[in-house]
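Let's take a walk through this protein together, one stop at a time. Keep the picture handy as you read.

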Amino acid sequence: MADTNIDLTRMNNERQELHILSLEQFSVIGTTLSNHTNMDNAKLVTGIGTQLTDLRFANQLIRELGLTGKAVIKEVHGQSYVILKGHPGLREKLTGTRYLASNPKVIDLAIGQKRVTSAMVTGARLSIFISVPMTVLQFLIDEQSTLLRLVGTMASDLVKISLSAVVASAAGMVAGTLTTVAAGPIVAAIAFGIATALTLEYLDRTFGVTNALVNALESAKERTFGELARRIVRFERNLINDAVRRMQFR
């Protein structure tokens, strides 16, 4: 009987739901979304929101070490150590003054440049996981959209997300070399990451970077596959015309 309960519990945990929509229902949903939602703004807000989630690391550091709490990374006999400055009696988790950089407590609080970079990469990955499905949905509900526009938009989104993550990580590394304040690197990374995301989005909308990329893809397609298709059509037409002429002379 116990085994049966375990199996039922496992089945409930692994249960999945599949919702099937008719074309009419999907069309109604698509029309509603397109009328009430600006997908570009939604993607921008979502991307910034994923970066803001990293504020929890800064909040935890400030609560644990204080606003001016300091942490210094030092190499000792080939091992990376985090040296904490301040009164250890006021801390809840980091009660000591020295920890290995690989210590779970240090990792959990995102202390050090490597942990900041890791947090930025995690945020960028989450942004990609959210942005790509939204772009595909936008492609599906827009009847005038083309496959090349989907590819171009996705490529532009990935570039913007990647650049924001790179700038954020670089800002965290620079802040780590300029200050020993523990929360400095993560705060700098978040601030510069968000500023970069907003700047890239502004430049894209002002100068039409995504549209230029889509137009370039369309032009490249016309010069390659389009020209090939036209040559095939001309070849087939010539074959047909030759066949017709031969039949006329018989």
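**Starting from one lysine**

Skip the neighbours within four places in sequence, and Lys93 is in contact with Glu64, Tyr99, Lys105 and Asp108; contact here means heavy atoms within 4.5 Å. Before we go on, a word on where this comes from: the model is predicted, so local features need pLDDT of at least 70 and side-chain atom pairs count only at pLDDT 80 or more, while totals for chains, interfaces and linings use all residues. Residues are numbered from 1 along each chain as its sequence is written, and side-chain values use heavy atoms, with hydrogens and water left out.

Back to Lys93, which you'll find in the loop between β2 and β3. Is Lys93 buried, exposed or something in between? Lys93 has 38% relative accessibility, so it counts as partly exposed. On this scale, buried means under 20% relative accessible area, exposed means over 50%, and partly exposed lies in between (1.4 Å probe, protein chains only). Lys93 and Leu65 are 28 residues apart in sequence, and their C-alpha atoms are 9.7 Å apart in space.

Now zoom out. The protein has 9 helices and 3 strands. These are DSSP runs numbered from the N terminus: helices are H or I with at least four residues, and strands are E with at least two. Going along the sequence, the pattern reads α-α-α-α-β-β-β-α-α-α-α-α.

What do the strands do? The 3 strands form an open sheet in the order β1-β2-β3, with antiparallel pairing. Two strands pair if DSSP finds at least two bridges between them. β1 (70-76) and β3 (98-100) stand at the edges with a single partner strand each, so one side of each has no neighbour in the sheet. On average, neighbouring strands of this sheet are turned by 30° against each other, direction ignored; the axes behind such angles are lines fitted to C-alpha atoms (for helices, over the stretch in contact), and angles run from 0 to 180 degrees between N-to-C directions.

Take the pairs one by one. β1 pairs with β2 (residues 79-85) over 7 bridges, and Lys74 has Tyr81 in β2 as its bridge partner. The hairpin of β1 and β2 has 2 residues between the strands, and His77 takes a positive phi near 55° there. β2 and β3 pair over 3 bridges, with Arg98 in β3 as the bridge partner of Ile83.

Arg98 turns up again: its charged end sits over the ring of Tyr81, 4.5 Å from the ring centre. To count, NZ of Lys or CZ of Arg must be within 6 Å of the ring centre and within 35 degrees of the ring normal.

Thr135 has a relative accessible area of 3%, so it is buried. Beyond its neighbours within four places in sequence, Thr135 is in contact with Lys43, Leu150, Thr153, Met154 and Asp157. Across the protein, 29% of the 250 residues count as buried. And among contacts between residues at least 6 apart in sequence, 64% join residues at least 24 apart.
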